[in-house]
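This briefing concerns the single structure shown below.

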Amino acid sequence: MGSVALVVIYNHRYDGNIGIIENLYRERFGTIFHLVPFYDGNHPRVIPVYENSFYFQGYIAQGLKHFRQPDADHYLFIADDLVLNPAINESNYGEYFGLDRDSSFIPHLISLHEMKNYWARTREAYEFRVKKKGVEITKELPSYDEALACFAKHSLDIRPLRHRQVFLSAGLSVSDWLRMTVRKPKQLFRLLTDGFMRWKYNLSYPLAGSYSDICVINAGAIGRFCHHCGVFAAASLHAELAIPTALVLSADRIVTEKDLKLRGRALWPDGWNRLHGENDLAHGELKELDRYNRDLTLLLGNFPEENLYLHPVKLSGWKTGR
């Protein structure tokens with residue numbers, strides 16, 4: 001395995017985290033870049049980007065010409081509030097992520113029709129259209145059939161969605177039900193009859209989902225991947241749909257966490273998963289970080305060996321030794 005460039009993505013402008021992250025990773029990775037929205041400082045490895053943070057795949061597309069390295073085999077993208085297992089470095093990352101020079105990694109590849117619960121991204125996927133006013137992207141993406149072939153290559157199906165996958169039903173209040181009765185009777189009827197009528201909602205373009213705060217892209221795919229990321233950002237497609245789909249359309253082989261010994265850990269506040277219906281994607285509780293007393297040194301010294309990463313760790317609120 002050759003070299004890897006670590007590229008840290010900041011959803012918001014937290015200049016104070018740049019030095020903390022440099023200290024965290026500089027002894028483990030020789031090449032580090034930072035994608036920081038609206039940055040106007042003079043750090044040589046910070047790349048200013050300009051995009052809505054919901055579409056942070058646009059940061060990656062904008063930054064390509066700055067972080068691309070002639071000798072890199074892979075590009076490891078992580079969110080600034082994601083902490084990698086301290087055992088991972090530029091020499092052994094390939095072993096931890098199960099990679100060779102021709103493969104890439106993303107935590108999951110989820111066929112949206114297999115989601116057990118409502119997910120806001122599924123609704124967005126259903127509403128997504130390649131033909132949009134003001135955005136000429138039809139010729140910038142593979143055709144529908146070409147995209148289907150890419151999905152098939154990675155053993156992914158595209159099937160119709162169910163009503164309950166597209167429209168939120170769990171947690172609706174009495175007033176919500178009454179409002180639907182008056183304003184959206186058709187939607188209410190389909191919701192109540194979905195169990196036996198099997199209403200179908202087809203995607204206008206093949207899309208996949210994934211937790212996307214970390215991914216590793218091989219050099220052979222990085223150009224195509226970034227192009228598709230930029231196209232999807234221009235079309236306002238959420239990153240958790242855009243990044244996995246861009247990877248499916250670009251990569252020859254994709255490794256996911258189900259192929260690995262270690263798993264990442266996405267930690268969220270109590271009840272957040274249930275309310276947002278994202279149980280399929282996020283699998284932890286933020287309170288588990290309490291044991292580290294917001295001390296980064298304590299976390300790194302006692303990092304759970306079974307985890308590839310922990311997220312989110314909001315460094316601005318942690319003791320970092322700086």
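S104 is buried, since its relative accessible area is 0% (buried means under 20% relative accessible area, exposed over 50% and partly exposed in between, with a 1.4 Å probe and protein chains only). The model is a predicted one, in which local features need pLDDT of at least 70 and side-chain atom pairs count only at pLDDT 80 or more, while totals for chains, interfaces and linings use all residues. Residues are numbered from 1 along each chain as its sequence is written, and side-chain values use heavy atoms, with hydrogens and water left out.

**Surroundings of S104**

- S104 is placed in strand β6 (residues 103-105); helices (H or I, at least four residues) and strands (E, at least two) are DSSP runs, numbered from the N terminus.
- The side chains of S104 and N218 are joined by a polar contact of 2.7 Å. Such a contact is a pair of N or O atoms within 3.5 Å; within protein, one must be able to donate a hydrogen and the other to accept it, and residues adjacent in sequence count only if both atoms are side-chain atoms.
- Apart from neighbours within four places in sequence, S104 is in contact (heavy atoms within 4.5 Å) with L99, V216, I217, N218, L247, A251, R253, I254 and V255.

**Helix α9**

- Helix α9 (residues 219-234) has 16 residues and should span 22 Å at 1.5 Å a residue, which agrees with the 23 Å between its end C-alpha atoms; the expected span is 1.5 Å times one less than the number of residues.
- The buried residues of α9 include A221, I222, F225, C226 and C229.
- Among the elements covering the buried residues of α9 are α2 (57-67), β4 (72-79), β9 (214-218) and α10 (239-248).

**Nonpolar cores and aromatic pairs**

- The largest nonpolar core has 59 residues, and F67, F77 and F225 have the most contacts inside it. A core of this kind is a set of buried Ala, Val, Leu, Ile, Met, Phe, Trp, Tyr and Cys residues joined through side-chain atoms within 4.5 Å.
- A second, separate core of 44 residues includes V4, I20, Y211 and L299.
- Leaving aside neighbours within four places in sequence, F225 is in contact with I60, C215, I217, I243, A246, L247 and S250.
- There are nine aromatic pairs, where rings of Phe, Tyr and Trp (its six-membered ring) pair if their centres lie within 6.5 Å, and planes under 30 degrees apart count as stacked, over 60 as edge-to-face and the rest as tilted.
- One of these pairs, F67 and F77, is edge-to-face, at 5.5 Å centre to centre and 75 degrees between the planes.
- This pair links distant parts of the chain, with F67 in helix α2 and F77 in strand β4, 10 residues apart.
- F67 and F77 are both buried, and together with Y75 they form one aromatic cluster.

**Salt bridges**

- The structure holds 13 salt bridges, each a side-chain nitrogen of Lys or Arg within 4 Å of a carboxyl oxygen of Asp or Glu.
- One of them joins the side chains of R253 and D100 (3.6 Å, N to O).
- R253 lies in strand β10 (residues 253-255) and D100 in the loop between α3 (93-97) and β6, so this pair ties together parts 153 residues apart in sequence.
- R253 is partly exposed at 39% relative accessibility, and D100 is partly exposed at 34%.
- R159 and D157 form another salt bridge (3.1 Å, N to O).
- K258 and D259 also form a salt bridge, their closest N and O atoms being 3.4 Å apart; K258 counts as exposed at 66%, whereas D259 is partly exposed at 45%.
- A network of salt bridges links R13, D15 and D40.
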